[in-house]
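Have a look first, then we'll talk.

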Amino acid sequence: MMESGPLTGPVPTDGTADGTHPRSAALSGVPAKPNPADAKGEIDGTFWRRFVFRRPLAALILQRLGLSVGLLFAVSLMIFGGIEALPGDFATTYLGQSATPQAVENIRKDLGLDKPWSERYLSWLGGAVQGDFGTSWASKNSVGEQIGKRLGNSLFLAFFAAIVSVPLAVGLGMLAVQFRNRLPDKIINVVSLAAISLPEFFVGYLLIMFFAVKFGVATFPATVYDSMSFTERLSAIALPVATLVLVVLAHMMRMTRAAILNVMSSAYVETAELKGLGMFRIIARHAAPNAVAPVINVIALNLAYLVVGVVVVEVVFVYPGMGQYMVDAVTVRDMPVVQACGLIFAAFYIFLNMAADIIAILANPRLRHPR
Amino acid sequence: MPESSSAKNMLLSVRNLKIEATSYPPGEPPKTVTLVEGVSFDLEKGKVLGLIGESGAGKSTIGLSALAYGRGGVRITGGQALLDGKDILTLDKNGIRSIRGARVCYVAQSAAAAFNPAHRLGDQVIEASLRHGIMNREEAKKRALYLFRVLGLPNPETFGDRYPHQVSGGQLQRAMTAMALCPNPELIVFDEPTTALDVTTQIDVLAAIKHAIEETHTAALYITHDLAVVAQISDDIMVLRHGKTVEYGTTQQIIEAPKEDYTRALVSVRQTKRDEAPDQTGTQLKIEHISAGYANGFKVLHDVSMHLPKGQTLAIVGESGSGKSTLARVITGLLPPTEGRITFEGKELPRALKGRSNDELRRIQMIYQMADTAMNPRQTVRDIVGRPLSFYFGMHGAKKTARVKELLDQIEMGTRFLDRYPAELSGGQKQRVAIARALAAEPELILCDEPTSALDPLVAEGILNLLLKLQEETAVSYVFITHDIAIVRAIADSVAVMHRGKLVRFGPKSKVLAPPFDDYTDLLLKSVPEMEIGWLERVLKTRRMESAGN
Amino acid sequence: MNLRSIPLSAWIGIAGITIAIFCALFAPVIAPFGEREVVGDVWLPAGGDFLLGTDNLGRDLLSRLIYGARTTIFVALAATVLSFSLGMILSFTAAVMGGFVDQFFSRFNDLMMAIPTLIFALVVLAVLPQHLWILILVMAVLDSTRVFRIGRAVALDVAVMEFVEAARLRGEGSTWIIFREILPNTLSPLLAEFGLRFAFSILFLSTLSFLGLGIQPPAADWGGMVKDNKDGIIFGISAALIPGAAIATLAICVNLVVDWLMKRTSSLKGGRGDA
């Protein structure tokens, strides 16, 4: 984007959106190329070095997988240990101001807070790996069971939001490229700039106001329960899905546009044009193979954002998912629930970022076909 | 004009071409500039026309008009381009498409960027032939194989199975030529195809291109900034400047009897020669057994030794990857050597930058290749040149300003440049300011890292003459790093030839540049194009004889 | 800089920000009623004495909106300034020192960024007591991870330029190099980044308040006002949408200015080889 000479038109900076996007850029992008010195030098050394040289692709992916697992472990440590390190005593907070020392002592024992934290961490982590997150302090229910139900609901919501928003975003992004610097592109640019500035809850209530209250064509609140049929569920989640779509659409579209523009302005697309190829052939054969990776990367990153976006949307629509569960738990300081939800959200986030990275690695012909 | 040619053999006839471009500076009304005006030429079947000029002369833009193509906001707004008598500029989209990649093909300066990284070379080479229905897959593959052979590519049978990143730059450039030749076009536009290559690679690619277009009887527009290169390959030459024709004639006339001053200057530009200093006994700078490498263990320099007497010029010559720039970094202390030592004025220099005193730093200054990035874009000329004055000599106020003005006079730039920013200067002016900054420190040695290679030839010559003048005035020594033998001839007293991190040859210029040669120096010297028709054939002939003799 | 070279969209943004800041500064003077003053019935429609109607407790919505500007902008700005200072200091230190310091800061930053900001904030705010300064601090620390990333990248970009090398060869100290050589060349992108962070802080604060974890009642703030009035929506009362629109408008205005700043930076880069 930065090489535009004085003769090219203005290049809209699509980076605007990126900053507000809670994604981990550290995890995106292609990892550094294998060291040229290693490649040139003799390749005895350790097994890993030989492996990196022979199968750079597999090595990079393994490396990335390992990094994600390590990161997840560190995050679990941070979520558990960080909370321990912060000031404030749960027992006191839990009982409120009327706490007698005896009652505090009892509750600490009840919740297992009297044991050393390393012991509690290990048993918590051990449980978490098997899906057992302990019991909620507030409701005394099993956290794992609750999450089991609610996670499904949240994924249901996110899945449909993704199904609608991904093709729409990619389509609009391509449209913007096709009409670059002309009216449709400018309109899309301004509208998407506005859209990334809208808070989720504003979009949500706006939709409720119009579609549920004024026209009565949608339902609110978006409650779902076990006995509902599939179509009933779909109609219940129509508004929350629409909200999520509006929220991620602008982002995904702007990033798609930037990714495609980058490819379309490359020298090899010019070569294809100078070969006298048709527009369709240029796009399908020369642009697409190089644009697919960045676009899929964009999608994966936005899906990660979607997983977080459900938190607010679930609260707005009183939808029984993970996000609402977590927010409720935070208000009553129900720590086992907060920890469990935090870990699961982080895991999804890390997983999708990792997927984005691995796709970028797989799409790089330099890595797929080493010298 | 070259002698009139019969209309029957005429392939491309460009008449009164006018090309404009529109730029859209943000927040300002769009600006339209004329890039090319009133350019006309004729190209017969099977002939080569060289388009030559400095950057901004419009030569690439003219070349692309033969494909009815404009880059970015570039539009062809006037004139005709008659291909076999038919104006291609008036064709519709499909008409243009049927010409591109079939009758007229294009070879870009950077083949590395122009090949699609996602596909195999072979598929890309034959694509245009297949899509235009010129041949079927079998025929196209056979032709590609034939072209790979003609162009001297290694393992022609399997070369097409490789991906672009798996072959070298010189090979890619030849593969791109094969791609252009594959559909059997009538005309190929070569856009600086050898500029990005090292000289020893350039001669091979040049020879391959010449051989291939002769073999296939294809006509060509050959675009370059290097008159010596174009003299080897073209029948006619057109000299361009600021989008207008300066002179147009046969290659022989342009090289041997140029009519215009500008052309004369271009022809004679590389012919400055200076005799070396007769006495080369002293040693101001002494480099002894230097080895150096990077933190990852990659060794760049192996046991390099050389020395330089006070007030003289040592040219270090080599191609990319020879370690010549690394040696400069070692001398400055930016990259501490792993072995060896550097003595300056009889005192050993601390290896690393941090260990050197300000006075030691002051005495060795540096000039970079890209003056653009070597100067802070947020500082004015006054600040840039003035900083060493206040830093080393504590000057300020009127005294400092007076000295800055004096330095600007010395580099032949007026005081009106005092408050300009680097972005407001031309390339040559920027390099002059960089020289003034170095002079401000009153150094005893200036390291020049390819200071002229990014400049147009006439501007570069101005800089070289300035450096020579300054050496006479201030008795400063130069270590001059370059890849260009012509520059070595022009300014050096002693020469060091480097290859792959090793010193190949070192001594007074008259000895180093005279036989008997070692293999590498021989190859290097013979690869430098000379402003002489028939040079390429002569070199290739002696090469063949040598290999036959072996 | 030429005033006429500023595009219309940026002027709209600047005007919107100016109005919001004006409201924030002179809230007691402009607001027709007090921040916590109950002046009429619950959810009165717009018009008459109450230009925008009243809220769920019968307070004047316009007055609360004006006071809310004060809280929202103050907290968001404080968090942004803090996160920016923290991020810049750490990132420039990392970029200039390099080696172990750089590795340590960068890896820790990666770890912080592996958890989505909102989730991280929820976990931390669940533990910490509810104080305004704690809220600001949490927002600032979480946001500083993004500033660190940008700051380090920008500083490294400039630090490898030859004019910085030339300054080092001259013997200049780190202070000169950071403040005179690197910083002036990074101001434009950093200014744009500051705007982005500010817009993000406004949205983030509003979201937290909406979830009941940000500014605590009865203080007026835009996100909290949406929460207060959200139950009116099902009765067709749009009181919750008004503060929501205020948040959106301010964020859009900031983004419009940022968009222009970014274009300006990139055109400088492309057009004149400017860093």
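Helices are DSSP runs of H or I with at least four residues, numbered from the N terminus. Keep in mind that this is a predicted model.

Q: What makes up the run of elements in chain C, from the N terminus on?
A: Reading along, you get α-α-α-α-α-α-α-α-α-α.

Q: How do you know what share of chain C counts as buried?
A: A residue is called buried when its relative accessible area is under 20%. Of the 275 residues in chain C, 57% count as buried.

Q: What makes strand β3 of chain B largely enclosed by the rest of the structure?
A: Buried means under 20% relative accessible area. In β3 (residues 48-52) of chain B, 5 of the 5 residues are buried, so the strand is largely enclosed by the rest of the structure. Val48(B), Gly50(B) and Ile52(B) point one way, Leu49(B) and Leu51(B) the other, and all are buried.

Q: How do you know which strands β3(B) pairs with?
A: Two strands pair if DSSP finds at least two bridges between them. β3(B) and β8 (residues 219-224) of chain B have 5 bridges in the parallel sense, with Ile223(B) as the bridge partner of Leu51(B). β3(B) and β9 (residues 236-241) of chain B have 4 bridges, also parallel, and there Gly50(B) has Ile237(B) as its bridge partner.

Technical notes
Residues numbered from 1 in each chain as written. Chains lettered and ligands numbered in written order. Predicted model: local features only at pLDDT ≥ 70, side-chain atom pairs only at ≥ 80, totals over all residues. Heavy atoms only, no water. Helix = DSSP H or I, 4+ residues; strand = E, 2+ residues; numbered from the N terminus. Buried < 20%, exposed > 50% of the residue type's maximum accessible area, 1.4 Å probe, protein only.
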